[in-house]
Number of protein chains: 6
Amino acid sequence: MSGPTAFARLVEYEEASPDVRAVFDDIKRTRNVPDVNNFWKALARHPDTLRRTWSTLKEVMAPGALDARTKEMLYLAVSLANGCAYCVASHERAARKQGMTEAMYAELLAIVAQACETNLLAEAYRVPLDG
Amino acid sequence: MSGPTAFARLVEYEEASPDVRAVFDDIKRTRNVPDVNNFWKALARHPDTLRRTWSTLKEVMAPGALDARTKEMLYLAVSLANGCAYCVASHERAARKQGMTEAMYAELLAIVAQACETNLLAEAYRVPLDG
Amino acid sequence: MSGPTAFARLVEYEEASPDVRAVFDDIKRTRNVPDVNNFWKALARHPDTLRRTWSTLKEVMAPGALDARTKEMLYLAVSLANGCAYCVASHERAARKQGMTEAMYAELLAIVAQACETNLLAEAYRVPLDG
Amino acid sequence: MSGPTAFARLVEYEEASPDVRAVFDDIKRTRNVPDVNNFWKALARHPDTLRRTWSTLKEVMAPGALDARTKEMLYLAVSLANGCAYCVASHERAARKQGMTEAMYAELLAIVAQACETNLLAEAYRVPLDG
Amino acid sequence: MSGPTAFARLVEYEEASPDVRAVFDDIKRTRNVPDVNNFWKALARHPDTLRRTWSTLKEVMAPGALDARTKEMLYLAVSLANGCAYCVASHERAARKQGMTEAMYAELLAIVAQACETNLLAEAYRVPLDG
Amino acid sequence: MSGPTAFARLVEYEEASPDVRAVFDDIKRTRNVPDVNNFWKALARHPDTLRRTWSTLKEVMAPGALDARTKEMLYLAVSLANGCAYCVASHERAARKQGMTEAMYAELLAIVAQACETNLLAEAYRVPLDG
């Protein structure tokens, strides 16, 4: 009765066009990894979107006023709120690499769950802004 | 052609029942504020939900493995992702009180916007989990 | 700094085309009300969508295996979950007309808030179906 | 091209900590079931969230102004609206146990689908509240 | 650790009731296809919802002021925005049949991703309407 | 009982920093308008996000495989699906400028409403992909 539920068409490096390869190479260099994640292979169907998405992500996630761990935890929190299972798995891994402990993750998750509930209540009642 | 768009029924302290007042008192004590926010006055229509929501929030936002500023920033990020304008205003204020600078807020916002876009793309293609 | 936030263009009976008036008349007759709600006046910009929406709604909300109060409460619960302030106000009123008490509303709200939180957690972890 | 899409890490009773076991035991006792659902095993990674979620759920779903069947149907309706496939399956089962017939489910589903559509239209036009 | 994640109960033509078969027959005739898609087989559990959904879809997708390709691309764009992987796959196929090229799809996807991001920002700040 | 509901802090040209002014100038030049929309004034609080958002939007909305009217209609459809009232108003205006007639808008709206409903049903049942 059931059937396939995952169907991203993934573009591997070997079959990729030169501009896709250029992005893949930059991702691998920047992150010091041997291969890019499936997300990028799926985006590679659309080279312009791939290029823009990576360019923005690279800029947004670079060290700045916030440290890398906080940045990854914010990404993880939003991904949890949006119910994106792939991004949750991927950014949980990245946040742990940056030092997020199990206790930190537990607190993050509790905040996300609670925020979603209070967001819902505040929106549903269109609570007026505090003076 | 237009009309009222905000219509939370707010319960003020004076008209509140004893159990609602008890929650209001605890909020004021815990946060050291002279009055509770409109969100709590709106929830006060439902004393049990008010009590449970405050009890969970108090526990979840207490100092732990994560510091107060990071906690408020996570709350703000999720509220932005959920498009809850009231919560965005309210937690932006709280995060600033805890030391979030304009530069930090700008980086947070950029991450939220980017996460929502990549969440969408990963979900829409149901990208398979990385091995 | 602020400005107009509500901007539905409402079509009043007097300015409505014959097919819009026919729908308005049927709504008034079916619900025994002197005028239609703003929702229908907003939809009247698109007569076909107005007709289809009313036709489906009339069929869906008619008494059947579920009584009118339960139906209105289900509508209210979904509207709360979707954060639609207009529909929350409108269906809260309708549910009260059908006998929903304050205590019932409080329990309904608590379920919606809790369901949204557990929905989020189950989706974010893509919890496998129970055997 | 595809790969794993379900990846909740489930905590079984045998490997659970004493406070997780205490919650599991209470769930089994309250619901009179031999084992807890996967949802609880997934939440068990975060014992505090597990405890708070179960405590709220137990209180919220207990008999009150609304009967158990109506409560389960409200939960199911919200889960459908939120597109949470796990919760839909789980609460459909629970609602049927409480007497929801196929005809009731069909009417519930029709209301959810219709509510989501009218919620969208009312929000998109920010329809002004009826006087 | 993982388990089944797809669980629509599909109703095949052979086991369908006469009114379900009538809808299936009309879908096959209208679209000139040998069998209906899984979506319709899943909806067939609820014959009234099946009938209403097909009746509306047939009317909405018929040629009118917009051509068939634009209609399918709008459907695809909304399905991407809603993160419905099944509908994305199904309407991508339909749009390609109507002449959507890879370049058109790439531009559509870029618009959807960008719209979701700016929608989020505009909502989160509740930007006042332009004069 | 009610209060302010719109609260974007808008940055006017006069008070803007040089890099914000540069973006504002480019928007005015590209679109041949005397002033930028409120959306850009709200984003101007975050100059980097403003710059990136405009840069992507300019690229994405430029003529390509899809004509300007189709692009604006896709943007409008997604904004309707996301319930972003500001973006709906803003892109409805832009789409009309590009030739969208009332009849086209009516068909677009009908598709969006229908897509959201079928997206919901397909997701809730996690309908398996067609072979």
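How many residues of chain C are in contact with residues of chain D? The points below begin with that interface.

1. In this predicted model, chain C places 53 residues in contact with 53 residues of chain D; two residues are in contact if their C-beta atoms, placed from the backbone, lie within 7 Å. On the side of chain C that touches chain D, at least two residues each come from α2 (38-43), α3 (47-61), α4 (68-81), α5 (85-97) and α6 (102-124) of chain C. The largest share, 15 residues, belongs to α6(C). Helices are DSSP runs (H or I, at least four residues), numbered from the N terminus. By class, this side of chain C holds 34 nonpolar, 14 polar and five charged residues. Here Ala, Val, Leu, Ile, Met, Phe, Trp, Tyr, Cys and Pro count as nonpolar, Asp, Glu, Lys and Arg as charged, and the others, Gly among them, as polar.

2. The contact between chains A and C takes twelve residues from chain A and 13 residues from chain C. On the side of chain A, α5 (85-97) and α6 are the elements that give two or more residues, and α6(A) provides the largest share, seven residues. The residues on this side of chain A divide into eight nonpolar, one polar and three charged.

3. F:Glu117 lies in helix α6 (residues 102-124) of chain F. With 23 C-beta neighbours inside 10 Å, F:Glu117 counts as buried; the term requires 20 or more other C-beta atoms within 10 Å, whereas exposed means 12 or fewer and partly exposed lies in between. Leaving aside residues up to four places away in sequence, F:Glu117 touches D:Ala113, D:Cys116 and D:Glu117.

4. The backbone at A:Asn32 deserves a look. Its phi is near 55°, a positive value in a residue other than glycine. Most residues other than glycine have a negative phi. A:Asn32 sits in the loop between α1 (18-31) and α2 (38-43) of chain A and is exposed, with 6 other C-beta atoms within 10 Å. B:Asn32 also has a positive phi, of about 55°, and is placed in the loop between α1 (18-31) and α2 (38-43) of chain B.

5. The model scores ipTM 0.92 and pTM 0.90. Chain A averages a pLDDT (the predictor's confidence in each residue, from 0 to 100) of 90, and 95% of its residues score at least 70. Over residues 1-6 of chain A the pLDDT is below 50, although this stretch has 24 contacts in the model beyond near neighbours in sequence. Where pLDDT is low, the predicted coordinates should not be read in detail.

6. On conventions, residues are numbered from 1 along each chain as its sequence is written, while chains are lettered from A and ligands numbered from 1 in the order in which they are written. As this is a predicted model, local features need pLDDT of at least 70 and side-chain atom pairs count only at pLDDT 80 or more, whereas totals for chains, interfaces and linings use all residues.
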